[in-house]
Amino acid sequence: MKKYAFLFMIMIVGLLSCGDDDKPVVPELDKLSQITCTQGTDVVFFAYINYTNDDKIASIDFVDGKKIPFIYVDKKITMINPEEGIERIEYTMQGSVIIEKSVKKDNPYNREVYTSDKYDYKYSGSSLTGASRTMTWPKEGGDGYESQIFDKEETYSWENNNVVLFTQDKKRIEYKYGMALTPSNFPWRVIPSFNPVGFDAFSPINLLYGNRSRNLPESATYYSLSGEDDTTANYTYHFTTTGDYITAMTIQEQISSTDKIAKTNTYNYTFTYSK
């Protein structure tokens, strides 16, 4: 009897061991390291993304000569000279998400660096739902500052784990999605823009805004409720995948209004990854 009990215990241990070995191992995907965007024969942007040894963004280098270094101090991430006229952009982190963004500019009257725009982000769980904005500007002659607060500068509406609507004032852009899932290393997100074809839609900084849309977009439509602007824009997305990676994408843009001839643009993107 003891012999059978011993054999039974051996079988149980063997089955448990097999169970451990059979657990699926999900490989970590490589990081996005290069993005190109062309429109016909014109290069819209060409960016290299460099990383530190601990996988943080070290810099974003554009082939036009613009280089944007990143500096990390405590809970702040600072982008140096990201755009003409901007001294730096500071992001404040809470855990793994950005909760505040401050745009720093030079005061033209006294060369003092001040915060021209401050965004405070709101989340539901880990999903970005909106942002307020405090806009500040120097008074004429440089005698102090004025400011104005916009409580609903950005509003994001979610359905089925996807951002389906971005609104700003009376402007709207609606997104529709397919069945394909967004890879964890692909930093596309719904950005606060009604012309979502630029680098910002794919910047790796997007990975720090919490949850992104679960699925890849199929289309987006821009329109205004103001009654003063009857422009509409339709965007159609086509993705090319290689294994687990999105390696290319095309966005077709159609812009129309009652007083202008309809215009169609095609943007072609390529994506390169590295460890």
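Let's start with threonine 78, which lies in strand β5, residues 76-80. Strands here are DSSP runs of E with at least two residues, while helices are runs of H or I with at least four, both numbered from the N terminus. Threonine 78 counts as buried because its relative accessibility is 11%; buried means under 20% relative accessible area, exposed means over 50%, and partly exposed is in between (1.4 Å probe, protein chains only).

Leaving aside residues up to four places away in sequence, threonine 78 touches Pro69, Phe70, Ile71, Arg88, Ile89 and Glu90. A contact is counted when heavy atoms are within 4.5 Å.

Residues are numbered from 1 along each chain as its sequence is written, and side-chain values use heavy atoms, with hydrogens and water left out.

The protein has a mean pLDDT of 90, and 90% of its residues reach 70 or more; pLDDT is the predictor's confidence in each residue, from 0 to 100. Over residues 2-21 pLDDT stays under 50, and the model has 0 contacts beyond four places in sequence for them. Where pLDDT is low, the predicted coordinates should not be read in detail.

## Salt bridges

How many salt bridges does a search of the whole structure find? The search finds 9, each one a side-chain nitrogen of Lys or Arg within 4 Å of a carboxyl oxygen of Asp or Glu. Two of the residues that touch threonine 78, Arg88 and Glu90, form such a bridge, with their closest N and O atoms 2.9 Å apart. Glutamate 90 is buried, with a relative accessible area of 14%, whereas arginine 88 counts as partly exposed at 24%.

Arginine 133 and glutamate 153 also meet through their side chains, at 3.2 Å from N to O. This pair links distant parts of the chain, 20 residues apart: arginine 133 is in strand β9 (residues 127-138) and glutamate 153 in strand β10 (residues 145-159). Arginine 133 is buried at 18% relative accessible area, and glutamate 153 is buried at 11%. Elsewhere, salt bridges with shared partners join Glu100, Lys118 and Asp120 into one network.

## Aromatic rings

The structure holds 20 aromatic pairs. Rings of Phe, Tyr and Trp (its six-membered ring) pair if their centres lie within 6.5 Å; planes under 30 degrees apart are stacked, over 60 edge-to-face, and the rest tilted. Phenylalanine 186 and phenylalanine 239 are edge-to-face because their planes stand at 85 degrees, with the ring centres 6.3 Å apart. Phenylalanine 186 lies in the loop between β12 (171-181) and β13 (215-224) and phenylalanine 239 in strand β14 (residues 232-242), so the pair ties together parts 53 residues apart in sequence. Phenylalanine 186 is buried at 0% relative accessibility, while phenylalanine 239 is partly exposed at 23%.

Tryptophan 188 and tyrosine 237 make another edge-to-face pair, 6.2 Å centre to centre with 75 degrees between the planes. Tryptophan 188 is in the loop between β12 and β13 and tyrosine 237 in strand β14, so this pair ties together parts 49 residues apart in sequence. Both tryptophan 188 and tyrosine 237 are buried. These rings belong to one aromatic cluster, whose members include Phe62, Phe186, Trp188, Tyr237 and Phe239.

The charged end of lysine 66 sits over the ring of phenylalanine 62, 4.8 Å from its centre. A charge sits over a ring if NZ of Lys or CZ of Arg is within 6 Å of the ring centre and within 35 degrees of the ring normal. Arginine 189 lies over the face of tyrosine 209, at 4.0 Å from the ring centre.

β14 pairs with strand β15 (residues 245-257) in the antiparallel sense over 11 bridges; two strands pair if DSSP finds at least two bridges between them. Tyrosine 237 has isoleucine 251 as its bridge partner in β15. The two strands form a hairpin with 2 residues between them, and glycine 243 in the turn has a positive phi of about 65 degrees.

β15 also runs antiparallel to strand β16 (residues 260-274), joined to it by 9 bridges. Here the bridge partner of alanine 248 is threonine 270, and a hairpin joins β15 to β16 through 2 residues.

Notes
Predicted model: local features only at pLDDT ≥ 70, side-chain atom pairs only at ≥ 80, totals over all residues.
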